[in-house]
Amino acid sequence: SRPILLESMALCKDLGDKRGQAFNLLILGMIAFKEDDVEQARHLLTESLVLYRAIGDKPGIAHALMELGGNIEAHHYQQACIYLNEGLAICREIGYLTIMADILRYLGSQEIWQGNYQAAHTILNENMTLIKRLGNINAAQSLMVLGNLALCEADYAQARAYYEESLALANETEDFVFVALWVPIHLGYTALRQGETTRAKKLFEESLQRFKAVREKIGMVYILEGMASLAFTEGQLERAARLFGWA
C-alpha cells in the first residue's frame, strides 16, 4: 500500500489538494500503527488532523481523532478520551454514524480498563443500538467488547455467550481476522475463571500459535499471562513464575 499512497501524496501536493494529502497521511498513519511504529503513526495522524482542521473537513477531523484516541493513545486514558470525545461531538453534530459507532466502542473499552463498568454499559448500549441501525457493521468487535465487560464483572456465562456470538457473526463479515485472533484468548480466560482448565489450555495454546504466525507480540503477552494463571491454578508455581517472567 505504501508506494501507492506516497505516489498519491506527491500528486496531491502538485495539485494543492490538501484534503487528498490529509487522507493519504491518515492511511499512512494507520499502516504505521499496524507495523508497530507508534511514534511514526502518531506523527502522521497528527499531521493529518492538522490538515483536516485547516480546511474545516469535519468527517476527516472525526476520523483522525478516532484513530489517535482509539489506537495511538489507547493506553493513555485522559488523552484518549480527549480525542474520542471531541470526535464523538463532531459525529453527533454532522451525523457521521459509522465513525461514531467506532468511537463509542473505543470509549467503552477505555471505561472498562479504568474499572468504570456502569459508564461502559451506558456507552456500549448506545454503540449496539447504533450498530443495529447501521446493519450490524462491526457488530462482532462490539460483542467482543461487551464480552470483555462481562468478564471483568465476573459474569462468565454472559461473557462466553457474547464471545461465541461475536465469533459466529465474524465468520460472515470483514471482522473475521481480528475477532478470530482475539476472541479465543478471551474465551480461554473465561474457561479458566469457570474452572474449565482443559478447555482453557487448548484455547491458549491454539491462540499462541496464531499470534506467533502473525507476529502480534501484545497478543502473545496476553496469552502467556493466561497460561501463567492456568499453571498457578494447577499448582505449577515454578512454571507460572517462568511464564509471567517471559510475558
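Helices H4 and H5 run roughly antiparallel to each other, a label given to angles over 145 degrees, while angles under 35 count as roughly parallel, 65 to 115 as roughly perpendicular and the rest as oblique. Keep in mind that this is a predicted model, in which local features need pLDDT of at least 70, side-chain atom pairs count only at pLDDT 80 or more, and totals for chains, interfaces and linings use all residues. Residues are numbered from 1 along each chain as its sequence is written, and side-chain values use heavy atoms, with hydrogens and water left out.

**Two helix pairs**

Two packed helices are described by the angle between their axes and the distance between the axes. Here axes are lines fitted to C-alpha atoms, for helices over the stretch in contact, and angles run from 0 to 180 degrees between N-to-C directions. Helices (H or I, at least four residues) and strands (E, at least two) are DSSP runs, numbered from the N terminus.

| Helix pair | Residues | Angle | Axis distance |
|---|---|---|---|
| H4 and H5 | 58–72 and 77–94 | roughly 150 degrees | within 8 Å |
| H12 and H13 | 217–233 and 237–246 | about 165 degrees | 8 Å |

The crossing of H4 and H5 is left-handed, meaning that the near helix is turned anticlockwise from the far one by less than a right angle (clockwise would be right-handed). On the H4 side the contact includes Ile61, Ala62, Leu65 and Met66, and on the H5 side it includes Tyr83, Leu84, Gly87 and Ile90; contact means heavy atoms within 4.5 Å. By class, twelve of the residues in this contact are nonpolar, three are polar and three are charged. In this scheme Ala, Val, Leu, Ile, Met, Phe, Trp, Tyr, Cys and Pro are nonpolar, Asp, Glu, Lys and Arg are charged, and the others, Gly among them, are polar.

H12 and H13 are also roughly antiparallel, and their crossing is left-handed. Among the residues that meet are Leu224, Met227, Ala228 and Phe232 from H12, with Leu237, Ala240, Leu243 and Phe244 from H13. Ten residues of this contact are nonpolar, one is polar and two are charged.

Follow the chain into the segment after H13 and you find alanine 247. Alanine 247 is partly exposed at 35% relative accessible area, where partly exposed lies between buried (under 20%) and exposed (over 50%), using a 1.4 Å probe and protein chains only. Alanine 247 lies 29 residues from isoleucine 218 in sequence, and their C-alpha atoms are 9.3 Å apart in space. Not counting residues up to four places away in sequence, alanine 247 touches Val221, Leu224 and Glu225.

**Two loops with a positive phi**

Aspartate 36 sits in the loop between H2 (18–34) and H3 (38–55). Its phi is near 70 degrees, a positive value in a residue other than glycine, and aspartate 36 is exposed at 55% relative accessible area. Alanine 154, in the loop between H8 (139–152) and H9 (156–170), has a positive phi of about 65 degrees although it is not a glycine. Alanine 154 is partly exposed at 44%.

**Looking inside**

The largest nonpolar core has 76 residues, and those that touch the most other members are Leu49, Ile103, Leu107, Tyr163, Ile185, Phe204 and Ile223. Such a core is a set of buried Ala, Val, Leu, Ile, Met, Phe, Trp, Tyr and Cys residues joined through side-chain atoms within 4.5 Å. Leaving out residues up to four places away in sequence, the contacts of tyrosine 163 include Met144, Leu151, Val183 and Leu187.

Glutamine 21, in helix H2, is buried with a relative accessible area of 13%.
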